[in-house]
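This report goes through one protein chain from its surface to its overall layout. Please look at the sequence and the structure below before reading on.

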Amino acid sequence: MFVKTWRVSRIMKQAEAGNSTSLRLSDPVLFAIVAIFVIIDIILLSLWFNINPLGEGIEQIRTSERARFVWEHCTSPGGEHWLYSLYVYKGLVLVLGVYLAYDTRRVHLVSLNDSRYIGMSVYNTVIACILVFALSFIPNPGLHYALASASI
């Protein structure tokens, strides 16, 4: 989505500059850019899971006469640092997407008319990521589970 918006932005900037040469951004070039993003994700996640592998974490929430309530979750030593690095990386990608959607908001060509829909989906993704990021710091496991279940 970002790569396609980037292509529309490049075409529009070249048209505004008055360049008569055609801009060649073929599909294989766009696929290569998407592959670079996927490779970065694979590298970050592989480093995380090889350096600090995930393990099972069990926390006792409360105990009654007949039952013991526990919260099982995945945990990793130093996992917060890896998670924050992913937040920063994906945040930068989203900021790029917001900029590109803003840059292409006035494109009215029939062949490129989906840039508005791309912009709306980028804006919705940014709002959802901000909400998820804010809700990920809830310390109460029961409330955390309830909000995660309700959002599905």
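In this predicted model, a nonpolar patch on the surface is formed by Ile 127, Leu 131, Leu 135, Leu 143 and Leu 147. Together these residues have about 430 Å² of accessible area. Two elements each give two or more residues to the patch: helix H4, residues 115-135, and helix H5, residues 141-151. The most comes from H4, which gives three residues.

**Salt bridges**

Side chains of opposite charge can pair when their charged atoms come close. How many salt bridges does a search of the whole structure find? The search finds three, and they are set out in the table.

| Salt bridge | N to O distance |
|---|---|
| Arg 7 and Asp 27 | 3.4 Å |
| Lys 13 and Asp 103 | 3.6 Å |
| Lys 90 and Asp 41 | 2.8 Å |

The side chains of Arg 7 and Asp 27 meet in a salt bridge. This pair links distant parts of the chain, with Arg 7 in helix H1 (residues 2-17) and Asp 27 in helix H2 (residues 27-51), 20 residues apart. Asp 27 has a relative accessible area of 43%, so it is partly exposed.

Lys 13 forms a salt bridge with Asp 103. Because Lys 13 lies in helix H1 and Asp 103 in helix H3 (residues 79-103), the pair ties together parts that are 90 residues apart in sequence. Both partners fall in the partly exposed class: Asp 103 has a relative accessible area of 30%, and Lys 13 has a relative accessibility of 39%.

The remaining salt bridge joins the side chains of Lys 90 and Asp 41. Here helix H3 holds Lys 90 and helix H2 holds Asp 41, and the two residues are 49 residues apart, so that the pair links distant parts of the chain. Lys 90 is partly exposed, at a relative accessible area of 35%.

Is Gly 97 buried or exposed? With a relative accessibility of 2%, Gly 97 counts as buried, the limit for that class being under 20%. Gly 97 is placed in helix H3. Leaving aside residues up to four places away in sequence, Gly 97 touches Phe 2 and Val 122. Gly 97 and Ile 58 are 39 residues apart along the chain, and their C-alpha atoms are separated by 38 Å.

Ile 43 has its place in helix H2. Ile 43 is partly exposed, with a relative accessible area of 46%. Between Ile 43 and Cys 74 there are 20 Å in space, C-alpha to C-alpha, and the two are 31 residues apart in sequence.

**The strand pair**

In which sense do strand E1 and strand E2 pair? Strand E1 (residues 55-63) and strand E2 (residues 68-75) pair in the antiparallel sense, over eight bridges. E1 and E2 form a hairpin, and four residues stand between them. Within this pairing, Arg 62 is opposite Phe 69 in E2. In a regular strand the side chains alternate between the two faces of the sheet.

**The chain as a whole**

The secondary structure of the protein chain comes to five helices and two strands. Along the sequence these follow the pattern α-α-β-β-α-α-α. The chain is more spread out than a compact globule, because its radius of gyration is 22 Å, well over the 15 Å that the globule rule gives for 152 residues. The C-alpha trace spans about 80 × 30 × 20 Å along its principal axes.

Of the 152 residues, 22% count as buried. The accessible surface of the protein chain is about 11100 Å², and carbon and sulfur atoms account for 66% of it. Among contacts with a separation of 6 or more, 55% are between residues 24 or more positions apart.

Note on methods:
Residues numbered from 1 in each chain as written. Predicted model: local features only at pLDDT ≥ 70, side-chain atom pairs only at ≥ 80, totals over all residues. Heavy atoms only, no water. Patch = residues over 30% accessible without salt bridge, like charges linked within 9 Å, V, L, I, M, F, W, Y side chains within 5 Å. Areas by Shrake-Rupley, 256 points an atom, 1.4 Å probe, with all protein chains shown as cover. Salt bridge = Lys/Arg side-chain N within 4 Å of Asp/Glu carboxyl O. Buried < 20%, exposed > 50% of the residue type's maximum accessible area, 1.4 Å probe, protein only. Contact = heavy atoms within 4.5 Å. Rg over C-alpha atoms; globule rule 2.2 N^0.38 Å. Pairing = 2+ DSSP bridges.
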